[in-house]
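Me: Could you take a look at this one with me and talk through how the chain is put together?

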Amino acid sequence: MLNKTLEKKYEVKFTGLAVGKHSFAFQIDKSFFSGIENALIEEADVMLDLCLEKQNEHLFLLNFKFTGNLLLECDRCLNKIEFNLNQKYDMVMKIGNFDHKTESEDIIFISPFVSKISIVTYVNDFLLMQIPLKITCDMVDKECDKVMIDRLNNLSNK
Ligand SMILES: [Zn+2]
């Protein structure tokens with residue numbers, strides 16, 4: 001379930017735009033993830049530059065550019081890890097009916113009666129894909145907190 005206020009904050013209105021490129025900027029931080037139920041990421045400091053290119057009335061190309069850090073927790077010692085992000089992601093938006101022939105993960109279909117989209121789900125899904133399955137301190141060339149590991153081990157043994 002998504003929070004309505006959050007959806008509104010990360011909304012892009014695409015009707016009425018001229019053919020060509022349009023830029024939008026969004027800040028992805030703590031407030032972004034606090035609006036998402038069961039968010040796996042808690043904190044972040046990421047700039048999102050979104051370029052929306054209108055090719056014609058039915059076709060838009062979206063380019064998401066993320067730069068910044070996600071604040072993750074080490075799986076072993078719970079230390080905070082600043083995970084650097086510098087990624088691009090392209091998506092195609094088609095206005096019209098869903099078409100099985102061109103169905104793909106990176107293509108979304110939007111009803112002709114809709115004038116704006118919220119990018120919350122796409123952004124959240126993309127960021128989640130960037131997170132490694134196992135998050136450990138050595139990912140950022142740090143050592144795990146041994147005292148903390150001992151303490152956690154003691155807790156799980158009790
Ligand atoms: Zn660690």
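What follows is a short exchange about the fold, the sheet, the core and a few single residues.

Me: Before anything else, what sort of model is this, and which pLDDT cut-offs apply?
Reply: This is a predicted model, in which local features need pLDDT of at least 70 and side-chain atom pairs count only at pLDDT 80 or more, while totals for chains, interfaces and linings use all residues. Residues are numbered from 1 along each chain as its sequence is written.

Me: OK, how many helices and strands does the protein have?
Reply: There are four helices and seven strands, where helices (H or I, at least four residues) and strands (E, at least two) are DSSP runs numbered from the N terminus. Read from that terminus, the order of elements is α-β-β-α-β-β-β-β-β-α-α.

Me: And is the protein spread out or compact?
Reply: Its radius of gyration, taken over C-alpha atoms, is 19 Å, well over the 15 Å that the globule rule (2.2 Å times the number of residues to the power 0.38) gives for 158 residues, so the protein is more spread out than a compact globule. Along the principal axes, the C-alpha trace spans about 60 × 30 × 30 Å.

Me: How much of it is buried?
Reply: Buried residues make up 15% of the 158 residues, a residue being buried if 20 or more other C-beta atoms lie within 10 Å of its own, exposed if 12 or fewer, and partly exposed in between, with C-beta atoms placed from the backbone.

Me: Now the sheet: in what order do the strands come?
Reply: Five strands form an open sheet in the order 2-3-4-5-6, with mixed pairing; two strands count as paired if DSSP finds at least two bridges between them. Strand 2 (20–28) and strand 6 (107–110) are the edge strands, each pairing on one side only. Direction ignored, neighbouring strands of this sheet are turned by 20° against each other on average, the axes being lines fitted to C-alpha atoms (for helices over the stretch in contact) and angles running from 0 to 180 degrees between N-to-C directions.

Me: How do strands 3 and 4 pair?
Reply: Strand 3 (residues 43–56) and strand 4 (residues 59–73) are antiparallel over 13 bridges, and the hairpin that joins them passes through two residues.

Me: Switching topic, which residues touch the most other members of the largest nonpolar core?
Reply: Of its 23 residues, Ile 28, Val 46, Leu 48, Leu 62, Leu 70 and Val 123 do, a nonpolar core being a set of buried Ala, Val, Leu, Ile, Met, Phe, Trp, Tyr and Cys residues joined through C-beta atoms within 7 Å. Strand 3, strand 4, strand 5 and helix 3 are the elements that give two or more residues to this core, and strand 4 gives the most, with six residues.

Me: Where does helix 3 sit?
Reply: Helix 3 (residues 120–130) lies across strand 2, strand 3, strand 4 and strand 5 (80–95), running at about 135° to strand 5; contact here means that two C-beta atoms, placed from the backbone, lie within 7 Å.

Me: Last one: is helix 4 buried or in the open?
Reply: Of the 12 residues of helix 4, the number buried is zero, so the helix lies largely in the open. Leu 152 is found in helix 4 and counts as partly exposed, with 14 C-beta neighbours inside 10 Å. The C-alpha atoms of Leu 152 and Cys 77 are separated by 7.7 Å, although the two residues are 75 apart along the chain.
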